Amino acid sequence: PITNIYRDVIMKLTDLPVKNVAYSSCFRREAGSYGKDVRGLNRLHQFDKVEIVQVAHPDSSYDRLEEMRKHVSSLLQKLELPFRVVRLCGGDMSFTSALTYDFEVYSGAQKRWLEVSSVSNFENFQANRMKLRFKDEEGKIRLAHTLNGSALALPRVVAALLENNQVAGGIKIPAAL
């Protein structure tokens, strides 16, 4: 929905990059599925997250993706959570993405890594479909690049905070909170 704000828009070069943030509710289609991997907070059918979206010049979209990667990493560091960043291979990405990073926190109870965020560069895929363009230095109209991500999926982050900060007598709240 955020990128759709720019449908049929021709931006000025000086407007790029455009940075957006939004709080959104998300809904999964697999409602009613069963199995150990979809129990509890692992696969909620509805959850909230903070979206980060950018519209960028094609020459700098990978710099913007790196900026987004560092931003999400800094959030997880401030929350004092054990995490890793995984660069997805082509078979694990959606066909719309050119490059995706997943951020995973470790779940000691489940003894596995759980995704809490993802940032992607869609290059001009989304821009082409919605006619999101900009005028370059020579006045030529070109397709912009779009990037988006979930800053943090809130239920899994709360679970990770509770699980990773247990101390005798309660939960140690990270200084950032």
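The model is a predicted one.

**The pocket**

Let's start with the second largest pocket, which holds about 170 Å³ of space. Its lining is made up of T3, N4, R7, F95, T96, F125, Q126, R129 and M130. Sorted by class, that lining has three nonpolar, four polar and two charged residues.

**A serine in a helix**

Next, find S61, which sits in helix α1, a helix covering residues 61–78. Is S61 buried or exposed? S61 counts as buried because its relative accessibility is 0%, and the cut-off for buried is under 20%. What does the side chain of S61 make a polar contact with? The partner is the side chain of N121, at 3.0 Å. Leaving out residues up to four places away in sequence, S61 touches A56, N121, H145 and L147.

**The sheet**

Now look for an open sheet of three strands, with mixed pairing and the order β1-β7-β8. The edge strands are β1 and β8, and each of them pairs on one side only. Here is where to find the strands:

| Strand | Residues |
|---|---|
| β1 | 10–11 |
| β7 | 133–135 |
| β8 | 141–143 |

How many bridges join β7 to β8? There are three, and these two strands run antiparallel. To see one of the pairings for yourself, pick out F134: its bridge partner in β8 is R142.

Notes. Residues numbered from 1 in each chain as written. Predicted model: local features only at pLDDT ≥ 70, side-chain atom pairs only at ≥ 80, totals over all residues. Heavy atoms only, no water. 1 Å grid on protein atoms, 1.4 Å probe; cavity = no way out; pocket = protein on both sides within 12 Å on 5 of 7 lines; lining within 4 Å. Points joined across faces, edges and corners; volume = space filled by probe spheres on them. Nonpolar A, V, L, I, M, F, W, Y, C, P; charged D, E, K, R; others polar. Helix = DSSP H or I, 4+ residues; strand = E, 2+ residues; numbered from the N terminus. Buried < 20%, exposed > 50% of the residue type's maximum accessible area, 1.4 Å probe, protein only. Polar contact = N/O pair within 3.5 Å; in protein donor to acceptor, adjacent residues only side chain to side chain. Contact = heavy atoms within 4.5 Å. Pairing = 2+ DSSP bridges.
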